[in-house]
Amino acid sequence: MLDPRTTAETMRPDESEAGGLLDPADWGGLRDLGHRMVDDMLEWLRTVRERPLYEPVPESVRRSLSGPVPREPQAASAVYEDFRRDVLPYPHGNVHPRFWGWVVGTGTPLGMLADMLAAGINSNSGFGDHCAVHVERQVVAWLAEALGIDAGVSGLLVSGCSVANLTGLAIARNALTEGDVRRDGLAGQAPLVVYGSTETHSSNLRGLELLGIGRNGFRGIRVDADHRIDVEALRAAIRADREAGRRPLAVVGNAGTVNIGAFDDLGALADVCSDEGLWLHVDGAFGALAALSGRLRPLTAALERADSVAFDLHKWLHVPYDAGAILVRRAEAHRKAFELSGAYLSHLESGVATGPENFMQRGVQMSRGFRALKVWMTIKEHGIDKLGRAVEANVDQAAYLADRVEREPELELAAPVPLNIVNFRFVPQGAPRAAEELDRLNRRVLEALHASGVAAPSHTVLDGRFVLRTAISNHRSRFDDFDLLVDEVLRHGRSLAQAGSR
Ligand SMILES: *Cc1c(COP(=O)(O)O)cnc(C)c1O
């Protein structure tokens with residue numbers, strides 16, 4: 001072992017290496033490069049509509065992105081050239097005005113710059129009396145206010161709704177089981193059951209797996225024709241589980257299901273939970289944001305009665321990836337679920353080791369980046385009302401697309417459109433086709449659309465049938481983009497149907 005005294009004396013670095021080893025030797029040069037990066041990226045965003053939304057990653061790039069770890073330094077400008085050549089041209093496509101796959105957000109130019117500022121200040125918002133913590137507190141309070149949830153609610157920012165769902169369900173588990181689950185785990189507990197409709201997002205199931213409740217601890221309750229949970233069936237399932245000696249724990253309410261954007265009757269679910277002593281967790285990944293629009297707000301009625309609400313900020317609030325949030329009405333349960341002890345973590349009376357909120361003790365992350373800054377700047381730049389108008393505009397576009405689909409004899413609307421998601425299929429005129437053939441045809445249509453780089457809806461399976469799923473959470477889309485989508489689906493559909501029948 002090295003003798004530390006010898007180390008200090010003999011291993012003291014050269015003057016040239018002392019301090020700032022990783023800072024630029026030429027600050028002026030890096031400043032120029034930084035200006036160029038900002039110029040390039042803003043121009044890239046400004047002109048996004050002019051490019052195809054997607055280009056496959058070429059073989060040469062795949063090769064260059066699988067080389068060995070660099071051992072030697074490279075000029076920052078050369079690294080940036082690598083980015084321009086190998087990374088920038090091959091994005092996912094979601095910044096493009098005709099990307100409507102899965103549910104993704106578009107981001108904003110100021111959001112991008114905010115991330116640069118956050119990385120520059122590089123604060124750990126786990127704890128402490130510094131501005132990253134204060135900004136996050138303010139953002140959490142703003143989000144609660146904007147969604148109409150009690151002031152004073154507890155909450156924090158997380159990477160996205162999957163982690164927000166896990167967090168909400170973890171609090172429910174720890175708060176409502178007997179004994180001390182944090183100490184003892186689930187040993188000795190009656191089997192726990194969490195309820196939600198069959199349309200519940202799979203991230204909740206993965207959360208239950210991680211919490212030791214398991215997928216079998218989830219009861220998928222049937223939905224009605226509008227994809228809303230059948231509340232009577234839910235009550236019956238709870239009764240049956242109690243009779244069988246299991247322990248009902250929580251209900252996951254959907255505010256915007258992933259397939260079609262349906263809202264469960266959250267008021268009815270809140271009644272069930274209060275009658276039965278269960279926790280109501282709402283997965284409102286994108287749908288909760290409907291509350292930002294006065295016109296759409298009734299869809300989220302009773303959201304404020306949930307014990308916890310999970311939602312994304314990188315989807316319909318257009319904050320750059322990644323950002324989601326969890327709000328918890330039972331602040332005490334939230335605190336108890338994640339608090340930590342440790343001499344090295346305890347607070348002092350003043351200075352860096354104090355702070356208004358201990359975010360590292362509100363979730364699974366200890367060190368946490370300054371995720372709140374891009375949310376704070378996005379909300380300030382646009383104001384919550386305009387962000388609500390962007391949500392509303394997408395809902396109007398969904399209604400417009402649904403209407404266009406219904407007017408086209410070769411297109412078929414596959415589900416109701418309660419919010420921003422339009423599911424439809426291409427069904428050629430003429431002799432009826434086998435169901436499998438139609439599935440195949442629609443799959444080919446989607447692949448052709450993606451390959452063309454013109455538009456990117458995604459897909460799902462509804463009633464056993466493959467459908468094109470257009471989830472509109474894009475502030476760059478215009479009505480004529482949906483005309484183009486319809487035209488292109490018809491064009492590809494007709495030519496593929498003909499090729500197939502030849
Ligand atoms: C996207 C989504 C999730 C998961 O959110 P991530 O941000 O991807 O982790 C959960 N629930 C619903 C309804 C979603 O749409």
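Q: Leaving aside neighbours within four places in sequence, which residues is Ser458 in contact with?
A: This is a predicted model, to be clear. In it, Ser458 is in contact with Trp100, Gly101, Trp102, Leu446, Val467, Leu468 and Arg469, leaving aside neighbours within four places in sequence.

Q: And where does Ser458 sit?
A: In strand 11, which covers residues 456–462.

Q: Is Ser458 buried or exposed?
A: Buried, because its relative accessibility is 0% and the cut-off for buried is under 20%.

Q: What does the side chain of Ser458 do with Trp102?
A: A polar atom of that side chain lies 2.8 Å from the backbone nitrogen of Trp102.

Q: OK, switching to Asp180. Where is that one?
A: Asp180 is in the loop between helix 7 (161–176) and helix 8 (181–184). Its relative accessible area is 34%, so Asp180 counts as partly exposed.

Q: Which backbone nitrogen does the Asp180 side chain reach?
A: That of Arg182, at 3.1 Å.

Q: Now the inside. How many residues are in the largest nonpolar core?
A: There are 96, and those with the most contacts inside it include Leu143, Tyr195, Phe311 and Leu317. Helix 6 (residues 131–147) gives the most to this core, with nine residues. Another core, of 26 residues, lies apart from it, with Trp100, Phe424, Leu446 and Ile472 among them.

Q: Back to Leu317: what is it in contact with, leaving aside neighbours within four places in sequence?
A: Leu143, Leu289, Leu292, Val375, Thr378, Ile379 and Leu387.

How values were computed: Residues numbered from 1 in each chain as written. Predicted model: local features only at pLDDT ≥ 70, side-chain atom pairs only at ≥ 80, totals over all residues. Heavy atoms only, no water. Core = buried A, V, L, I, M, F, W, Y, C linked by side-chain atoms within 4.5 Å. Buried < 20%, exposed > 50% of the residue type's maximum accessible area, 1.4 Å probe, protein only. Helix = DSSP H or I, 4+ residues; strand = E, 2+ residues; numbered from the N terminus. Contact = heavy atoms within 4.5 Å. Polar contact = N/O pair within 3.5 Å; in protein donor to acceptor, adjacent residues only side chain to side chain.
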